[in-house]
Amino acid sequence: MAACRARRELRAYHFGTAFLPSGWANDVLIEVGDDGMIATVSPNRPQGAAERVAGIALPGMPNLHCHAFQKGMAGLAERRGPVGDSFWTWREVMYRFLSALTPDDVEAIAAYAYIEMLEAGFTTVGEFHYLHHDPAGRPYADIGEMAARIAAASSATGIGLTLLPSLYTYGGFGGAAPNSGQIRFINPTDRFVTLMERSRAIVAKLPGAAIGIAPHSLRAVSTDQLREAAAIFAEGPVHIHAAEQTKEVDDCVASLGARPVQWLLDEMGLDRRWCLIHATHMTEDETARLASSGAVAGLCPLTEGSLGDGIFNGETYLAAHGAFGIGTDSNIQIDAPAELRQLEYSQRLKARARNVMTTTEGESTGRSLYTRALAGGSQALGQSIGVLAPGYRADIAVLDDNHPDLAGASGDMVLDVMVFSAGRGLIRTVIASGKPVVLDGRHHAREAITKKYRDTVSRLANA
Ligand code: ZN
């Protein structure tokens with residue numbers, strides 16, 4: 001009887017072509033339970049009573065690193081300043097932008113960023129969330145007010161969420177006091193524990209959501225605090241920014257006597273729970289050790305390019321079988337294929353070679369990038385996602401097989417066309433947690449969410 005009831009609640013989709021763990025398959029029937037998880041995947045099956053979804057089905061891409069509010073900064077930091085524009089001058093613009101944001105503003109901007117992500121092929125977001133308090137640095141009456149707004153944006157759009165509340169206590173290495181731009185981020189450890197309890201309750205009400213912790217960086221927490229936080233929160237993902245900038249590496253050596261990735265490897269026992277965001281500046285030894293630790297390198301190639309961070313040590317890392325995923329970070333551009341393209345192109349420019357982010361002769365670079373980013377992103381977000389197989393969430397990006405760029409393409413070449421030529425414009429339908437949220441390239445709530453976003457950013461610009 002129970003089995004009969006479960007059968008009736010399944011929703012079935014039929015795809016002409018789908019990318020399964022075993023490879024490309026035709027006439028694929030995918031049944032989804034009312035929990036949004038895939039129940040069955042059957043190739044070579046007739047459509048029957050299933051809904052036909054035209055196109056080529058891929059697992060949706062996890063976006064492992066995002067600060068949603070930064071989406072509202074489009075165009076704000078592209079004018080030359082008096083001297084030496086850098087990550088650090090960009091950060092000043094970012095601090096000014098966030099200083100006035102209300103919870104309503106954050107929700108409106110996050111919702112817009114999340115529909116852009118869904119339309120661009122991302123079906124789960126890791127929100128590295130550090131904008132906690134009011135503009136004076138006081139906790140809101142509900143300490144999780146801002147976390148609740150992120151959850152509301154996820155719920156309104158249908159994107160899966162791994163919420164990563166950030167522990168941020170100091171303004172810089174050596175326990176420096178926060179500056180005025182940082183006061184909205186600051187929590188001592190005990191208040192962070194309270195914030196995590198509240199955030200856990202918020203996330204528990206949200207289907208398709210998980211929680212982890214995000215010690216912001218080695219400059220924003222003390223080493224004792226980092227050890228304490230990793231021990232208190234002994235399960236779930238741990239994300240930390242590391243080695244994004246050479247100044248950060250120099251300051252870390254001066255303060256802790258080791259480079260950031262080296263220090264984390266030596267002192268924290270990195271494993272599969274950990275995701276090091278950026279990991280841009282690593283020695284060959286750090287690169288090989290990070291790869292064999294089981295941790296994920298959280299690469300944000302478009303943002304790293306935008307900020308002038310540097311180039312990841314991709315060739316060595318891949319040769320050592322290192323796991324990586326991709327993140328949109330500052331959201332300067334939201335586009336999963338473009339992140340992968342930028343990753344490969346930065347490696348090509350560095351190595352003065354082609355097809356760098358693959359290790360096997362004859363392997364498609366698009367497939368290598370896409371499948372590795374699916375695996376690394378899913379691991380980093382601590383959810384059963386990124387695979388079209390039973391037991392995984394039914395998050396599916398469907399490509400337009402009538403697109404002219406796909407004329408004559410089949411198999412892995414489809415991924416090469418998507419990553420290197422057609423980009424996110426190929427994505428036609430997106431199913432998140434088993435429900436279609438993007439049809440004909442457009443999110444179902446785009447109109448209302450865009451209006452709120454436009455009103456919010458216009459008001460902020462004129463304030
Ligand atoms: Zn970041």
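Tutor: Start with a definition. Four donors count as tetrahedral if all angles lie between 85 and 135 degrees. Anything else is irregular. Also, keep in mind that this is a predicted model.
Student: OK. Which protein donors does the zinc ion have?
Tutor: They are His65 (NE2), His67 (NE2), His241 (NE2) and Asp329 (OD). They lie 2.1 to 2.7 Å from the zinc ion.
Student: And what arrangement do the four donor atoms make?
Tutor: Irregular, because their angles around the zinc ion run from 85 to 171 degrees.
Student: What spacing do the donors follow along the chain?
Tutor: The pattern is H-x1-H-x173-H-x87-D. His65 sits in strand β5 (residues 61–66) and His241 in strand β10 (residues 238–242), so this pair ties together parts that are 176 residues apart in sequence.
Student: Is His65 buried or exposed?
Tutor: Buried, since its relative accessible area is 0%. His241 is buried as well, at 7%. The cut-off for buried is under 20%.
Student: New topic. How many residues does helix α12 have?
Tutor: Helix α12 has 16 residues, 336–351. From first C-alpha to last, α12 reaches 23 Å, close to the 22 Å expected.
Student: What caps its N-terminal end?
Tutor: Asp335 does. One of its side-chain oxygens lies 3.0 Å from the backbone nitrogen of Ala338. Just after α12, Arg352 takes a positive phi of about 50 degrees.
Student: Which residues in α12 are buried?
Tutor: Quite a list, including Ala336, Leu340, Leu343 and Arg348.
Student: Now the core. How many residues are in the largest nonpolar core?
Tutor: It has 128 residues. Among those with the most contacts inside it are Tyr114, Trp274 and Phe324. Helix α3 (residues 103–119) gives the largest share, 10 residues.
Student: Where does this core lie?
Tutor: Between domain 1 (10–59 + 387–446) and domain 2 (61–381), because both give residues to it.
Student: Last one. Where is Gly33?
Tutor: Gly33 is in the loop between β2 (23–32) and β3 (38–42). Gly33 counts as buried, because its relative accessibility is 17%.
Student: How far apart are Gly33 and Met117?
Tutor: They are 84 residues apart in sequence. In space they are 24 Å apart, C-alpha to C-alpha.

Notes:
Residues are numbered from 1 along each chain as its sequence is written. This is a predicted model: local features need pLDDT of at least 70, side-chain atom pairs count only at pLDDT 80 or more; totals for chains, interfaces and linings use all residues. Side-chain values use heavy atoms; hydrogens and water are left out. Donors are N, O and S atoms within 2.8 Å of the metal (3.2 Å for Na, K and Ca); water is not among the atoms, so sites may look incomplete. Four donors count as tetrahedral if all angles lie between 85 and 135 degrees; four count as square planar and six as octahedral if opposite donors are over 155 degrees apart and all others between 65 and 115; anything else is irregular. Helices (H or I, at least four residues) and strands (E, at least two) are DSSP runs, numbered from the N terminus. Buried means under 20% relative accessible area, exposed over 50%, partly exposed in between (1.4 Å probe, protein chains only). The expected span of a helix is 1.5 Å times one less than its number of residues. A polar contact is a pair of N or O atoms within 3.5 Å; within protein, one must be able to donate a hydrogen and the other to accept it, and residues adjacent in sequence count only if both atoms are side-chain atoms. A nonpolar core is a set of buried Ala, Val, Leu, Ile, Met, Phe, Trp, Tyr and Cys residues joined through side-chain atoms within 4.5 Å. Domain bounds come from an automatic or database domain assignment.
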